[in-house]
Amino acid sequence: MATPLIPTPVPRPADARFEIGQEQYPAVHTDTTVTIPMSDGVILCADVGRPAYRREEPADGAFPVVVTFTPYNRMGNRSGARFARVAKRLGRAVRGSDRRRFTGRDLVHTMAGGAMDVFATNRTLVSRGYVNVVVDVRGTGSSTGSWDFFSPREHRDYLEVLEWIREQPWCDGHLAITGISYGAIAGLIAAGQRPEGLDAVFAIVAGEDPVRELGLTGGVPTPGMAVWLAAVNIAKFLPSPRGMIRNRVLGPYVRDRLRDPASGLGLATRIATTDGHPDGFLNDQWQSRLPRFEDITAATWIHGAWHDVYNRSNFRMFDRLGLSGGAKQVLVDDGYHISFGSGFGETGNPPALDELQCAWFDKWLRGIDNGIEGYGPVTVRRQGGGGWISRPSFPDAAATVRRLYLAAEPSGSAAHAATDASLGDLPPQGPSFLPLPTVSAGAASNNTALMTMGALTLLGRRYGSDDRRAEAAAITFTTDPLLADLILSGPLNLHLRVEAGGTDAFWSVTVTDVEPDGASAPLTRGALLSSLRAIDEKHSTYVDDELVFPLHTLLAESVLPVVPGEPFDIDIEINPTEAVLRAGHRLRVAIAPRSSPRHLLTPSLKRKINGQTIILDPDHPSYLTYLAVDPAS
């Protein structure tokens with residue numbers, strides 16, 4: 001029996017430890033030749049890792065099963081499994097290095113935090129009596145069929161796979177789904193269909209709405225989508241031949257690959273090159289691919305990161321889950337898409353991810369009273385060195401809504417910027433017009449690091465925690481040095497009075513913490529195409545009648561005209577954050593007309609853009625709305 005994790009008062013230490021049982025099985029028996037038939041004739045290929053005393057022979061009996069759906073070729077999971085233990089040892093070996101220079105997001109410490117274990121076949125899980133099944137989704141890896149990401153047909157596959165697993169003699173009827181990114185979203189989609197036997201989900205860096213958050217961020221395409229689609233298509237031409245030949249899958253596999261060699265790339269190209277393409281907006285077909293969070297009954301753990309491509313929706317997903325009693329948890333750390341869990345397992349941090357995952361499944365699949373349901377339910381690592389905080393909800397209940405107004409007067413802190421302006425408590429006294437710069441920034445920026453999933457943070461602070469090079473192509477609005485610490489907690493909204501020289505304009509916004517030495521550390525970001533500024537009032541968030549989270553419809557039928565030279569107002573959604581800004585630091589808002597490689601301004605869109613200007617008018621002020629807490633409270 002596991003030793004209970006004893007809940008402690010808020011705020012509780014994030015490194016609270018708990019036992020989830022001892023290793024029972026020293027080996028993993030892996031069958032890489034498993035095939036699962038679908039109702040339409042497609043064959044999905046899978047690896048099944050079972051507890052064993054020797055690799056050659058699985059242990060007798062039925063066990064709870066943890067499933068992962070992947071489009072990235074399950075052979076990569078096999079390689080990850082072999083690398084996981086080596087990576088963990090390497091990461092632990094460098095734990096003594098100075099993590100501050102990586103601002104807590106480095107990849108090296110991620111390896112020691114259990115991330116590789118949960119990416120691959122989790123040997124920790126299998127050693128404690130779980131079967132681990134990794135499935136190539138249709139049209140990827142070695143599976144037959146055509147890949148159409150998160151399509152309704154793929155949704156049905158999830159249910160059929162889970163039903164097949166429950167019929168196997170090595171399954172005791174209890175199921176869980178885990179995954180990273182795509183696999184995490186797949187798990188949430190499956191859970192929303194309420195399959196029989198599904199008790200828990202452990203979703204790492206998932207998104208509420210992948211098309212809104214990654215495919216059409218701010219209403220414009222993301223170049224990274226084409227790279228992602230190409231990578232999946234390349235990986236699907238690297239099959240696992242032994243099982244395919246044994247199970248007579250090779251012929252259908254070759255046929256299907258020749259029929260659909262470049263899944264999704266044609267549509268992505270048409271969206272990027274066709275003005276007003278219907279799939280360049282949110283629509284019913286994109287909506288049909290999303291999880292139904294309100295229908296989920298399986299206990300759900302959401303693990304996110306402040307600088308992940310999906311960081312917009314961690315708390316939205318949590319809030320939409322209708323679960324209670326600790327059956328829903330959200331943990332957000334200070335990482336990127338591939339550097340989640342950095343430092344986990346170290347003193348002062350949460351337990352390693354593989355241990356958290358085991359504890360979650362032990363509770364909900366086996367009924368072990370280990371106290372994991374009392375861990376949060378909301379646990380965040382505050383940016384700016386604020387440490388770990390656990391509490392019942394997000395934002396902080398003590399946070400109050402505030403405004404800072406944009407003004408043209410120089411702050412004296414950003415000589416490197418295209419224009420140095422200020423951010424303060426009062427609206428400007430007279431009108432000013434600030435045209436956005438037309439120069440292009442270099443590649444060094446936090447947005448570049450974000451789109452490389454955190455990999456480029458290894459090149460130094462200019463790719464992670466100091467955005468001054470990117471600000472050379474932006475207008476920066478900066479406060480005076482803070483007289484006391486300030487805690488940001490929640491989403492932000494940037495309200496601007498603007499005009500465009502053409503029939504559209506794009507706005508990229510980064511909010512940063514300016515350190516006394518001048519370094520501009522990104523905290524969060526937002527973006528919006530002017531013609532898609534229409535807001536869904538019903539689903540936007542207001543606090544004390546102030547708009548703090550404008551949800552834009554991004555629909556073709558809600559496009560609003562942009563008339564050259566005619567002023568208009570725009571509200572830009574900025575992703576939620578939790579950060580402490582220390583006394584002597586400054587808060588900065590950087591506004592640019594582009595953000596490459598995060599956002600793609602297509603040729604047709606570029607023809608519509610002909611300069612843009614921020615109007616600082618006392619009668620129509622521009623301001624940042626945010627939620628904040630005074631540390632004394």
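**Exercise 1. Helices and strands**

Solution: Work on the predicted model. Count each kind of element along the protein chain.

**Exercise 2. Burial, contacts and surface**

Task: What percentage of the residues in the protein chain is buried? What percentage of contacts between residues at least 6 apart joins residues at least 24 apart? What is the accessible surface of the chain?

Solution: Step one is burial. A residue is buried when its relative accessible area is under 20%. Of the 633 residues in the protein chain, 62% are buried.

Step two is contacts. Take those between residues at least 6 apart in sequence; 78% of them join residues at least 24 apart.

Step three is the surface. The accessible surface comes to about 23600 Å². Carbon and sulfur atoms hold 54% of that surface.

**Exercise 3. A nonpolar patch**

Task: Which residues make the nonpolar surface patch of about 390 Å²? Which helix gives the largest share of the patch? Is I245 buried or exposed?

Solution: Start with the members. They are I245, L250, V254 and L258.

Helix α10, residues 250-259, supplies three residues, the largest share of the patch. I245 sits in helix α9, which covers residues 241-246.

Exposed means over 50% relative accessible area. I245 has 57% relative accessibility, so I245 counts as exposed.

**Exercise 4. Positive phi**

Task: What is phi of R194 and of L554? Where does each residue lie? Is L554 buried or exposed?

Solution: Begin with the rule. Most residues other than glycine have a negative phi.

R194 has a positive phi, near 55°. R194 is found in the loop between α6 (182-191) and β7 (198-204).

L554 has a positive phi near 55°. Its loop lies between β20 (546-549) and β21 (568-581).

Finish with burial. The cut-off for buried is under 20%. L554 is at 6% relative accessibility, so L554 counts as buried.

How values were computed
Residues numbered from 1 in each chain as written. Predicted model: local features only at pLDDT ≥ 70, side-chain atom pairs only at ≥ 80, totals over all residues. Heavy atoms only, no water. Buried < 20%, exposed > 50% of the residue type's maximum accessible area, 1.4 Å probe, protein only. Contact = heavy atoms within 4.5 Å. Areas by Shrake-Rupley, 256 points an atom, 1.4 Å probe, with all protein chains shown as cover. Patch = residues over 30% accessible without salt bridge, like charges linked within 9 Å, V, L, I, M, F, W, Y side chains within 5 Å. Salt bridge = Lys/Arg side-chain N within 4 Å of Asp/Glu carboxyl O. Helix = DSSP H or I, 4+ residues; strand = E, 2+ residues; numbered from the N terminus.
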